[in-house]
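Me: I'd like to go through this structure with you. Can we keep it quick?

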Amino acid sequence: MTVNDKRGPRTRTIAGSLLAALLLVTACTSTEPGRATAPPTAKTPAAYGDLLAGAAWYVRHIGVGGRTTIAPPPTAAWIEFGDGNRAEGNYACTPFKAGATVTATAVTVGEKTDGAPPAKQCPATNLAFEGKLRKLLSGPLTISRPVDDLTMNLTNQRGDYVALQLLRPKGLFGSRWELEYLAADDGGQIPVIGGTAVYYVFHRDGRVTGNTGCNDFTGRAVFDRNLLTMYRPVRTTHRTCSRELMDQEHRLLTYETNPRRMRYSAFTSSFSAEEIGPPPKSPGYHWSAIPDS
């Protein structure tokens, strides 16, 4: 039997829209009776200050009055927000130290003390850039994340900003970093056996200590902007291990060139380093942070 719908077109349209809206709300807020499901939440600004503090960042560009100025390469301008409400870095030619208080959503840069200028003449482009950056890095600056955890913007009350990119990961110095694998020239990975037993500890004074999976070692590892210089390490213990571990230890402690000069790139909890120059090159490194137990 056919039932004629005597409602007009407008009435049927309104009723259909209400029904569709009701079904949409039901689908979005409940997966089972009596249990509501909240929509996915994006990372809140409360985490931005934690990402900024304890890491070193290089300046990509600055924006002043609606005009963008690219920072001089390579990572000439950088800043690290350290412990004790202090920051240090380089404007592009001149090093500086400053008081800096980092909160969840902002950083306040206080009085700055400039260091001695470099012995050699600094390029005019660097000098011009650092004059602008020196003015920007002052007072309260709001922290925002424009792309991901590797980029941060610091914006003043006028809307001018400093665009930062991660240079050194948080907690680089004094923590254990597992050597996950060695990176070959062709992009392949050379496995490292031993897991977290194979680790490096980089110290701010330029020392590096660690374990090859068999023996302890010590050496020098100097970070300078985006460059890492590693000097041939020496064993400080003399244990005998399996043939595989002894072969790996020989590979890690023997450098064809001494020191090794490398360029490194960082992520939030890992970083990689590879030798500068054309192939063939000795394998590079990939380290990842070992969580505190």
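Me: Is Asp 247 buried, partly exposed or exposed?

Reply: Asp 247 is partly exposed, with a relative accessible area of 39%. Buried means under 20% relative accessible area, exposed over 50%, and partly exposed in between (1.4 Å probe, protein chains only). This is a predicted model: local features need pLDDT of at least 70, side-chain atom pairs count only at pLDDT 80 or more, and totals for chains, interfaces and linings use all residues. Residues are numbered from 1 along each chain as its sequence is written, and side-chain values use heavy atoms, with hydrogens and water left out.

Me: Which residue forms a salt bridge with Asp 247?

Reply: Arg 243, with the closest N and O atoms 3.3 Å apart. A salt bridge here is a side-chain nitrogen of Lys or Arg within 4 Å of a carboxyl oxygen of Asp or Glu. Arg 243 counts as exposed, at 65% relative accessibility.

Me: How many residues apart are Asp 247 and Arg 243 in helix H4?

Reply: Four, so about one helical turn separates them in H4 (residues 243-253). Helices (H or I, at least four residues) and strands (E, at least two) are DSSP runs, numbered from the N terminus.

Me: How many salt bridges does a search of the whole structure find?

Reply: The search finds 12. One of them joins Asp 160 and Arg 158, at 3.5 Å, N to O. Asp 160 is buried at 11%, whereas Arg 158 is exposed at 66%.

Me: What about Glu 275, which residue does it pair with?

Reply: Arg 260, with the closest N and O atoms 2.7 Å apart. Glu 275 sits in strand S20 (residues 270-275) and Arg 260 in strand S19 (residues 260-266), so the pair ties together parts 15 residues apart in sequence. Both residues are buried.

Me: Switching to H3. Which of its residues are buried?

Reply: Asn 126, Phe 129, Glu 130, Leu 133 and Leu 136. They cover an arc of only 115 degrees around the axis, which puts them on the same side of H3. That arc is taken from the directions from the helix axis to the C-beta atoms.

Me: And what is exposed on the other side of H3?

Reply: Ala 124 and Lys 135.

Me: Last one. Where is His 203 found?

Reply: In the loop between strand S14 (198-202) and strand S15 (207-212). His 203 is buried, at 19% relative accessible area. Leaving out residues up to four places away in sequence, His 203 touches Phe 173, Val 208 and Thr 209. Contact means heavy atoms within 4.5 Å.
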